[in-house]
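Have the viewer open while you read.

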Amino acid sequence: MQEAWRDEILAKRVLVAIFNKAEKLGREVRFMDVCGTHEDTITRYGIRSLLPKNVKILAGPGCPVCITPVEDIVAMMEIMKKEPSILVTTFGDMYRIPTPKGSFADMKSRGYDVRIVYSIYDSYKLALKHRDRLVVHFSPGFETTTAPTAGMLWEAIEKKVENFKIYSVHRLTPPAVEFLLEQGTMLDGLITPGHVSTIIGVKGWKYLTSRYGIPQVISGFEPLDVLISIHMLLQMLIEGQAEIKNEYERAVKYEGNIEAQKKIDALFNVVDAKWRALGIIRRSGYVLKKEYEEYEIRSSYEVNIEELPDLEKGCRCGEVLRGLILPYECPLFGRVCTPRNPVGPCMVSYEGTCQIFYKYGSLYG
Amino acid sequence: MRIKMMHGAGGEAMDELISEFILKTFKLKSAGSVSLDDLDDGGSIKYGEEELIFTIDGHTVKPIFFPGGDIGRLAISGTVNDLAVMGAEPLAIATSLIIQDGFAGDDLKRILQSMDETSHEVPVPIITGDTKVVEEKIGIFVITAGIGKAKRIIRDSGAKIGDVILLNGGIGEHGFAILSVREGIEFQSSLNSDVSPLWSLIKEVGEAIGWENIHAMKDPTRGGLSEALNEMARKSEVGVEIWESNVPLNPAVKAASEMLGISPFDMANEGKVVMFVSSEYAEEALKAMRRHPLGKDAAIIGRAVEQYKGKVIVNTEIGGRRFLEKPLGDPVPRVC
C-alpha cells in the first residue's frame, strides 16, 4: 500500500503534469507546508529538487516544540526548583530546547528528575508506578498531540490518578496560519497538514479559505501525496478557484474525529497564546478549564517569569518559522548552529525545519 | 569538557573525541603503511616483505543476548570483519573478558560457546586472552583483538571515480533488532541481527574478480551506511551517488523504521560490507556475493562520481536528490 505512494513512475507522471501546469501559470507560486512531517517528506525525498523553478515550497510553523515559549520552559524549571521531588516527563527534543536559563537537560544534569518519553501514555504509566510522587508531563503539541493528552487526562480524572498533572503548551494550527497571512507572508496555497486534519477535519481549516481566499489541499505524508497536492493547488490557481480540497481522503473526514474533538473541548478552553519567535496569536492555545485545573501544574504553583528573549542574537528561526527564509539563508546554519550545538529551537527539534534540512542534506533548490 | 554518551555514538561527536583527544595525544602511531592517523578499520605492521593487519574492538552491547546473536558472536564477528574489510585473512584472535561480580556462569558459558562456534565459521583460532572480574555493574564486556594477513591491503580511501558500489544485503538489521528488545517493541515479523563474520564472503569476491579490483571496502557498523559511505567519500575524495530504491531492506526493518521515524541508513549493521569495485568487474562481483549465503540479497547500490567530492548524494525513491549526511548521533524517534 505504502509502496504505491512512493512509486517513481507515478511520481514522474505527476511531475510532468506539475511542469505543464507551472508553465501554463507562468509566474512564481509559493506554497507553504505547516507540519514538520510534511517538511520531512519534502526534504527527505528531495521534492524541491524535482519541482519547476517557479514553484517554491516554504516551510511554516510546523514544529510545536520550536514554538513553545521560553517563559513556559523556564516556569516549569522554576516549579521544579520549588518542589524538587517532582518527576517531569517530556519529549526528547523538548528536553534539549535551549532557553536563556538553560534546558531540561541541564536540570537533569543538576540532579532533577526529568525523563524522556515517547508519548503521554509513558508519562501516565510512570504516575501509576510512582503513586507517591507527583508526575508532570510538560506537554507541547498541536491538535494531533492534544487529542491523546485529552484522552489520557480523562482516564486520570476517571481513575482519580491525582499525582498526574500536565503543563499544557498545546497549540492550535489554523490560527498560526491566519497570523502569518495577516502579517503579510505571501502565499498562493497551503499544503494543509493531514495529521492535524484527522482531528479537526476539513471543516477546521475551511474558514481560512473563505476569509483569505487561499487555496488549500489537505495532504498525506507520502511523497506522492505531496506531489499530488501540489498539482491540485496548481490546478486551482489555473482555474482561479480558491477552495479547500482533501487529497488525504484515506484518513481525513470532513467532520474530523468528533470523539476526540469532544474530549478536547470538554477539557480545554481556547485562549490567546504566545508562540516562540512569533508572538501572541489570537485564540491559539489550549488551557485546562477551571473545573479541571487541578490537573494543570500551574494551578498549584505560582511562578512569575519575566519576559525573556526568544532567540539568541543572529538566530533567524523566527523568519524560518514564518516561511520567509529557508534554513540555508541563515548565516549560522550548519556553521555555528548544528544539531549538536543548536543555537535556536528550529535546529533542536526533529520537526524543526533547520534540523530537517541539516539531517537530510537538502540540495539547496 | 566531559565525555558524554554521544561521544561514543559514531557521528560528529565521536570524530571530535578521536581527533582532539586520541590522535593529538599519541605520538608513536605507525608500524606500516596504515597508521592510527588513517582511522581505518585496522592498522598495518610491516613484517619483512609482507604486511600484517592488526585490529581491536570492545563490545559492550546491551542486552548481551539479542535476536540473531549475542555478545560472543558479535565480539568474534566484529574483529574478523575489521580485518576482512582490509582484505586480510584472519590469522588469530585474542580476547579479554571483563565480567561483573555475580555474573551468571551459565550465561558466560553460552557466550563462550557462541564465540567458539563463530570462530569455527571463519575459521580463526582464539590463541590468547585475559580475564578480569570487577564490582562495577557492567554485566560483561568482551574485547577482541585480531591479526590477519592481506595479499593486498584494501583501504577506505582507495575508491576511484567510476567504481561501482556493492552491498551484500539489507541494512539496519542489527540496530533495529537491538532497539526492539531494548524498547520492548514487537514488530509484525521477527527482526534478527545480521551479526556474522564476513571473511568467507569477501574472499569469494576477492578471488573471483582479483583483489586489486576491490578498490575500497568498509563494514557499516555504528553510524550505519550513512557514516560508512561518507567516510569513504571523504577519504577517497570522490563523490558517492546511490539509488535509495536499490539499497536492500528487510520488510521488518522497513516497518520498524517507519514506525520509529529512524532512517535505516543510520542504523548499525554487523554483517554487512560496502565494496567499491572496478566497474568492469561489477557484475562478476555481484554474482560472487550472491553465491554466498550472506550475500544472497546483494545489490549494486551506486557508484563513485566526479561531482560533489567528499559527499554522498542519494537519488530518492521518487527520483529527487539530496545529500546523505552522517547521522547526528544515536537516532531518537520523532515526536508528533
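## After the helix

Helices here are DSSP runs of H or I with at least four residues, strands are runs of E with at least two, and both are numbered from the N terminus.

This is a predicted model, where local features need pLDDT of at least 70, side-chain atom pairs count only at pLDDT 80 or more, and totals for chains, interfaces and linings use all residues. Residues are numbered from 1 along each chain as its sequence is written, chains are lettered from A and ligands numbered from 1 in the order written, and side-chain values use heavy atoms, leaving out hydrogens and water.

H12(A) covers residues 223-239. Its 17 residues reach 25 Å from first C-alpha to last, close to the expected 24 Å (1.5 Å times one less than the number of residues).

Twelve of the 17 are buried (under 20% relative accessible area, 1.4 Å probe, protein chains only). Among them are A:Leu227, A:Ile230, A:His231 and A:Leu234.

## The sheet it packs on

H12(A) touches E1, E2, E7, E8 and E9 of chain A (contact means heavy atoms within 4.5 Å). Its direction makes about 165 degrees with that of E8(A) (axes are lines fitted to C-alpha atoms, for helices over the stretch in contact, with angles from 0 to 180 degrees between N-to-C directions).

Those strands form an open, parallel sheet in the order E2-E1-E7-E8-E9 (pairing takes at least two DSSP bridges). E2 (55-59) and E9 (244-246) are the edges, and the twist averages 25 degrees from one strand to the next. Five bridges join E1(A) to E2(A); A:Phe31 has A:Ile57 as its bridge partner.

Terms used: Buried < 20%, exposed > 50% of the residue type's maximum accessible area, 1.4 Å probe, protein only.
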